[in-house]
Amino acid sequence: MKIDQKPLEDHQIHLTVEVDSDRLQDARRRAARKIAQRIKVPGFRPGKAPYNVIEKQVGPEAIEDEALDIVLDDVYPQVIEETGIKPWGPGTLEKVNEEVEPRVFEFRVPLSPVVTLGDYQKVRVNAKAKKVTQADIDKVVDNLRGQQAVLEPVERAAQEGDMVTAMVSGERDEADEHGHTTILPERSYPIVIEKADSDSEANEWPFPGFSRKLIDLKAGDEKTFKHKYAKDSEFEELQGVSATFKVQVEEIKDRVLPELTDEFAQSVGEFETVDALLEEIKSSLEENFAAEQQDEYENAIVDKLLEGADIKFAPQMLNHEIDHYIEDLGPQLARQGMDIDSYLKSRDMDMAALREEVRPNVEERLKRSLLLMQVAEVEEIQLKNVELELLVQERIQEVQQMLSEQDAQRLLSGENLQGLINRTMSQEIVRRTLERLRSIASGEAETLAKEAEAKAVKEAKKAEEANGETSESKPKAKASKKQSSRTDKEQE
């Protein structure tokens, strides 16, 4: 068997394999016997009809097709073993040259990912601490008060904090590729006029700052304004789009907020006083900020590592990850009362368009995952069986508490349980790897290594000194003994 290899640019390899005639002829005989087991041949028991009889009954093409399957089952594993290739997944038979002997098979094989790390041990990233300010606390308090706001109609122009009911519509200035222009169908919307530069304003739909366009309008007023979405807008389907919006104010209501009193504090939770409420808000914000800071720090470290790394993977692997990403959308959509088909319809797109849309994000996620697993391998970060068992038991308990008995049983059996185990192990290894990278990037690991080295040198020096004292004391003891003997003789 002759094998030629040709590496491809997309981290696959093209294999050309020549299979000798004797092997093919043996495969044809085996194929004929297999076919004889499946068909009835007059005058012969199942599987006992000779080759030429089977060939006449089913035709040489049927035998040849069966023989090719047998050859592939035998040859492909042997090819992988002989070449030493590390495939990511199954190869693809691209072509069979059936007109020549020996028969030539051409395969395309996706290779396992390869990650070449840069000098990640020298990566340093400064952590940026985020402290809780009084403005942060006030923001939470305002949100809590807003939840208990009393709406009162007013006969004045709209201002910050008001609830405005308005007829709103939005249209693209130019139709999209499907000929559609509507961004916001005309209907009545309740709109709270947000404070400038607030988090709520930044997350507004149909665009950040929309509600503040209503300031100074009165009931019955109409207003038309244009907006151009940024090229990096979080609304991907509207990036770079120019649109026109129309607003007609129907009603304005003042949002009267409750006073910040002990009674209010008691109404929002188990707090006796306003001070107790404020202390809890501060404590929660500190925890949230610390978690956010750690996430940002870890992302910054991984970004640095990606700059110095070379990561290669086959397109099949990326497509596999896209499949999983879209599968994971299912439960999220279900919570919104939708399925994938209705979601695609609502966005006027097909599955191919969705796959292309999510591809960049999935590819980035795949690269980060591969990089972290490579660091874990180099750093020998592993999980003991007993540790994994404890973590899996925790996950199982969480699932049982969150879901009905029937759903929990379904998710904790067969392949689903194995998937839970695999995810738990991967998540914990990633957690430990990120912990190690934080230690490296902050310089803590280097400091600890130097301290450990200094301690080892100090202990070695002590050991040498101890050994030196012992060896020096032995000759002195002998000399003393000899001197004692001479003195005794002299005395005699």
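Which side chain of opposite charge is nearest to R395, a residue that is buried yet has no salt bridge? It is E394, 4.1 Å away. Here buried means under 20% relative accessible area, exposed over 50%, and partly exposed in between, with a 1.4 Å probe and protein chains only. A salt bridge is a side-chain nitrogen of Lys or Arg within 4 Å of a carboxyl oxygen of Asp or Glu. Lys and Arg count as positive and Asp and Glu as negative, while His and the chain ends are not counted.

Colleagues, this is a predicted model: local features need pLDDT of at least 70, side-chain atom pairs count only at pLDDT 80 or more, and totals for chains, interfaces and linings use all residues. Residues are numbered from 1 along each chain as its sequence is written, and side-chain values use heavy atoms, with hydrogens and water left out.

R395 lies in helix 11, residues 385-402; helices (H or I, at least four residues) and strands (E, at least two) are DSSP runs, numbered from the N terminus. Not counting residues up to four places away in sequence, R395 touches L420, T424 and Q427, where contact means heavy atoms within 4.5 Å.

I turn to the salt bridges. The whole structure holds 27 of them. In one, R30 pairs with D74, their closest N and O atoms being 2.8 Å apart. This pair links distant parts of the chain, with R30 in helix 1 (residues 21-38) and D74 in helix 3 (residues 60-83), 44 residues apart. R30 is partly exposed at 30% relative accessibility, and D74 is partly exposed at 32%. Both residues belong to a network of salt bridges that also links D26 and R29.

A further salt bridge joins R103 to E64, with the closest N and O atoms 2.9 Å apart. R103 sits in strand 4 (residues 103-110) and E64 in helix 3, 39 residues apart. R103 counts as buried at 5% relative accessibility, and E64 counts as buried at 16%.

Finally, the largest pocket. On a 1 Å grid over the protein atoms alone, a pocket is an open set of points where a 1.4 Å probe fits, with protein on both sides within 12 Å along at least five of seven lines; lining residues have an atom within 4 Å of a point. The lining comprises 36 residues, of which E321, R365, S369, R423 and S426 lie nearest the centre. Helix 10 gives the largest share of this lining, 11 residues.
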